[in-house]
Protein chains: 2
Amino acid sequence: MNHIQPKLTLVGAGPGDPDLITLKAVKTLHSADVVLYDALANTALLDHAPSSALKIYVGKRAGQHSQQQQEINKMIVGYAKTMGHVVRLKGGDPYVFGRGHEELEYAQQQGIPAFYVPGISSATSVAGLAGIPLTKRGINESFWVITGTLKDGSLAKDLHLAAQSSATIVILMGLKKLDQIVHLFLGQRGKEEPLAIIQNGSLDHSNCLISTLGGIMDAPTLNEIAAPAIIVIGKVVNEKREMVYSKLDEQGIFERNV
Amino acid sequence: MNHIQPKLTLVGAGPGDPDLITLKAVKTLHSADVVLYDALANTALLDHAPSSALKIYVGKRAGQHSQQQQEINKMIVGYAKTMGHVVRLKGGDPYVFGRGHEELEYAQQQGIPAFYVPGISSATSVAGLAGIPLTKRGINESFWVITGTLKDGSLAKDLHLAAQSSATIVILMGLKKLDQIVHLFLGQRGKEEPLAIIQNGSLDHSNCLISTLGGIMDAPTLNEIAAPAIIVIGKVVNEKREMVYSKLDEQGIFERNV
């Protein structure tokens with residue numbers, strides 16, 4: 001007899017490269033009966049789930065047709081009750097602008113035990129993957145992660161304070177508001193303040209544009225960058241080192257010397 | 001003949017639980033000739049390196065005897081030249097207050113190819129593991145990660161701006177300055193502002209204290225919290241949900257229904 005034990009695990013899928021998921025996430029996927037994944041989760045990760053598990057795309061991305069959050073919440077609970085372990089696989093980390101807590105809360109309120117396996121957020125990894133440290137001794141003492149666009153389309157208010165600080169600013173979902181963001185920061189940090197825009201930071205086809213607040217809007221390659229991308233503003237951008245990342249495996253650098 | 005190919009990979013070890021390391025980090029450790037690890041990296045992770053690899057503790061922790069950064073830099077280069085692939089295993093993420101970039105820079109300047117594998121920082125995972133979302137729609141639009149203590153022992157200046165914002169504030173290495181930090185935030189956010197202090201967030205013996213700016217200094221269990229711990233200030237603390245984490249495996253919740 002099949003005794004269903006409903007449960008939900010929110011799992012962070014990491015910033016894109018399927019190897020940037022945790023061992024715990026892989027173990028969790030092994031025990032999935034249903035995987036609900038979004039647009040930012042690498043679909044190669046679905047192979048960690050049993051072939052018998054249901055794998056359902058519930059992605060949302062700005063400007064695309066989206067299923068509503070309430071519908072996803074109901075799917076989680078419905079599948080948990082009928083199938084067992086629902087893994088909610090979300091790009092990056094479920095708790096960094098991921099609305100993961102809303103899903104966990106809803107499931108718990110419906111009596112479903114719910115758990116969380118953190119993932120690597122693009123907010124904290126993509127700059128480093130491009131050779132830019134989020135923090136460097138003597139240069140800055142903090143970093144501030146902000147969503148560029150609020151639900152009502154306005155610019156996040158914290159951006160005004162962020163501009164005044166010495167923090168490295170990491171802006172997610174800000175590309176559409178780039179001109180407004182640059183204008184705001186120009187007033188506080190000046191046109192020489194360096195800035196980076198990074199798309200697909202952990203993947204083969206990553207794209208990193210380095211400029212300044214004064215120069216970015218006229219950068220000839222700006223139109224080659226597409227969302228989702230992160231914007232990094234701060235003096236640490238000047239510390240950028242060249243780093244090869246995506247081709248590591250091809251070049252065999254992880255091969256051990258013998 | 002043994003042809004040495006010197007290289008350095010900075011690897012994030014995650015927030016403590018040895019399962020919260022990435023697949024990429026594990027693959028990197030597989031190819032290590034030397035592992036230099038610090039106090040915050042879980043030593044269980046050393047088992048991913050070959051038994052023949054040298055494993056050397058180079059940990060630094062506030063108040064303990066520490067080897068100097070310059071010495072670590074020289075060890076990296078020396079071992080890379082004589083042994084091959086040096087993996088620098090650092091707790092959390094090497095680029096989040098980890099001084100990873102200084103090591104990478106030094107190695108590159110000495111002609112050693114250097115790479116980076118991000119890890120899960122405690123800054124972005126420990127709150128979630130305690131059931132507290134870093135961000136929640138309608139409550140906040142950003143989070144700010146700050147080191148509590150600067151090299152000269154002073155309070156980070158960005159904390160003054162942080163107090164004025166609506167950001168969730170995550171303070172690392174701030175426990176010793178808790179009274180000063182609380183005093184600073186009280187002036188801007190008031191005594192009802194909730195706060196959490198979390199020690200060993202991803203381990204069995206984790207400890208989470210929930211209070212308010214007005215109440216924390218008199219909390220009877222405050223003296224049970226020891227460094228390293230993170231301080232989280234913001235309204236999201238009120239959204240805390242109960243979550244079981246560390247005992248997941250023992251309870252078999254990752255077992256699949258059959």
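Select residues 34-37 and 85-90 of chain A in this predicted model. These are strands S2 and S4 of chain A, and four bridges pair them in the parallel sense. Now pick A:Tyr37 and look across to S4(A): the residue opposite A:Tyr37 is A:Leu89.

Next, show the whole sheet of chain A. Five strands make up an open sheet here, in the order S3-S2-S4-S1-S5, and the pairing is parallel. Which strands stand at the edges? Select 54-57 and 114-117 of chain A: these are S3 and S5, and each has a single partner strand, so one side of each is left without a neighbour in the sheet. From one strand to the next, the twist averages 20°. As background, strands of a sheet pair through backbone hydrogen bonds, either parallel or antiparallel.

Move to chain B and select residues 7-12 together with 85-90. How many bridges join strand S1 to strand S4 of chain B? There are six, and the two strands run parallel. For one residue pair, select B:Leu8; its bridge partner in S4(B) is B:Val86.

Zoom out to the sheet of chain B. This is an open sheet of five strands with parallel pairing, and its order reads S3-S2-S4-S1-S5. Finish at the edges by selecting 54-57, which is S3 of chain B, and 114-117, which is S5 of chain B. Each of these edge strands has a single partner strand, so one side of each lacks a neighbour in the sheet.

Notes
Residues are numbered from 1 along each chain as its sequence is written. Chains are lettered from A and ligands numbered from 1 in the order in which they are written. This is a predicted model: local features need pLDDT of at least 70, side-chain atom pairs count only at pLDDT 80 or more; totals for chains, interfaces and linings use all residues. Side-chain values use heavy atoms; hydrogens and water are left out. Two strands pair if DSSP finds at least two bridges between them. Axes are lines fitted to C-alpha atoms, for helices over the stretch in contact, and angles run from 0 to 180 degrees between N-to-C directions.
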